Amino acid sequence: MNTALSLAALISLLLFAGSLSESSVDQGAKGTLVVVNQLEHNVSLVEIALRRRFANIPVGVNGHEVTVSPDGRFLYVPIYGNSGVGKPGTDGASVDVIDVGKRLVSSSIDLGKPLRPHRAEFGSGGLLYVTGELANALLIVDRTTQKVAGEIPTSQPQSHMFVFSPDQRRAFTSNVGAGNISVLDIPGRRLLSVIPVAKTIQRISISPDGKRLFTHDQDSPRLAVIDVSDNNSAAYKVSNWVDLPGVAYASAPTPDGKWLLALIAKKHLLVAIDLATLKVTKSLDLPGTPSEILVTPDGRTAFVSCLDSGKVAVVDVPAWQLLDPVVLTPGVDGLAWIPAN
């Protein structure tokens, strides 16, 4: 009798401990985290609840970024080359396509010329848009034919990252060495204007309502806010500067539009900017030099890739605390999210 009770009590304790362990890392993030490693030339698929990498898929040299097809079945990894922005090295000319179910590269899209393709996003009609740094353009790829269907000129070098407006009728590219942003008309496939920002900038994000752009001065600890709420693109300019505790590399807003989360690379910090006051109100120490940030669609979890340590920080956004990180290998960079359904 006592033995049975002891066994039952032990099982209950183990189950309780297991539920605590799972809840401490799950935090409602239901899906698969996709992580690109630009040093090891692979893409990892990670089950967040268990912090478990269940697939490791080789890609070309070097993939930096990744995006998910609208149906969640394929990943698209632009193959940039073996150097950094503006530095000598190889010039990538393709996009590797990963079949998620088969966990392998199923095809590679030939972009036709050396471009250093970097950021890819899906727009309306299922077309894939990819920055082509050496072409000073945003490329349009038909994923059905796997051919380039056109280009939209940015007129600026090093068009590295881009974002769409919520209606996907406009795109905005951050042009690193030029220190400006190109405004593109997507249906018209034309350049509308160029917004001067600073000597050098890195990366770009947009508020959920599409009214404000954010980019990051690489020579001063400040973040640029650009009002793009009307259609007069020729008048777009920096409307505010946000003082930061260090130079920011990247940022991402929360889906509710209350916060902008920004990465302070050299100080290994994640800071939260209140978008109502444009003031930094919170910060967290990160386990390495941050490269990219991804906020889940429900806004509850943020992931930050830390290039040098090989860790992906996991942040409980409402509680503003770090959870157990995903431990991979140095080189982790681009991130994407495949929802559980």
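**Strands, pockets and a core**

Modeller: Let us begin with a pair of residues: V35 stands opposite L335 in β28. The model is predicted, local features need pLDDT of at least 70, side-chain atom pairs count only at pLDDT 80 or more, and totals for chains, interfaces and linings use all residues. Residues are numbered from 1 along each chain as its sequence is written, and side-chain values use heavy atoms, with hydrogens and water left out.

Colleague: What makes β1 and β28 a pair?

Modeller: Two strands pair if DSSP finds at least two bridges between them. Strand β1 (residues 31-37) and β28 are joined antiparallel by six bridges, so the pair meets the requirement of at least two.

Colleague: Why are β3 and β28 said to stand at the edges?

Modeller: β3, β2, β1 and β28, in that order, form an open sheet of four strands with antiparallel pairing. β3 (52-58) and β28 (332-339) each have a single partner strand, so one side of each lacks a neighbour in the sheet. From one strand to the next, the twist averages 20° (axes are lines fitted to C-alpha atoms, and angles run from 0 to 180 degrees between N-to-C directions).

Colleague: Where do β4 and β5 lie in their sheet?

Modeller: They belong to an open sheet of four strands in the order β4-β5-β6-β7, with antiparallel pairing. Its edge strands are β4 and β7 (104-110), each pairing on one side only. β5 is joined to strand β6 (residues 94-99) by six antiparallel bridges. V77 has D96 as its bridge partner in β6, while P78 stands opposite V95.

Colleague: Why is β5 called mostly covered?

Modeller: Buried means under 20% relative accessible area, exposed over 50% and partly exposed in between (1.4 Å probe, protein chains only). In β5 (residues 74-79), six of six residues are buried, so the description follows from the cut-off. F74, Y76 and P78 cover one face, and L75, V77 and I79 the other.

Colleague: What makes the largest pocket a pocket, and how much space lies in it?

Modeller: On a 1 Å grid over the protein atoms alone, a pocket is an open set of points where a 1.4 Å probe fits, with protein on both sides within 12 Å along at least five of seven lines; lining residues have an atom within 4 Å of a point. The largest pocket holds about 1400 Å³ (the space filled by probe spheres set on points joined across faces, edges and corners). It is lined by 41 residues, of which R119, E121, V163, L294 and V295 are closest to its centre. β28 gives the largest share of the lining, five residues. By class, 25 lining residues are nonpolar, eleven polar and five charged (Asp, Glu, Lys and Arg are charged; Ala, Val, Leu, Ile, Met, Phe, Trp, Tyr, Cys and Pro nonpolar; the others, Gly among them, polar).

Colleague: How does the lining of the second largest pocket divide?

Modeller: That lining has six nonpolar, ten polar and three charged residues. The pocket itself holds about 440 Å³, and G84, V85, K87, Q202 and Y249 are the closest to its centre among 19 lining residues.

Colleague: Which residues touch the most other members of the largest nonpolar core?

Modeller: They are L261, L263, L270, L286, I293, V304 and W320, in a core of 17 residues. Such a core is a set of buried Ala, Val, Leu, Ile, Met, Phe, Trp, Tyr and Cys residues joined through side-chain atoms within 4.5 Å. β25 supplies the largest share, three residues.

Colleague: What joins β21 to β22?

Modeller: Six bridges join these antiparallel strands, and L263 stands opposite L270. Their hairpin has four residues between the strands, with H268 at a positive phi near 55°. In β22, six of six residues are buried.
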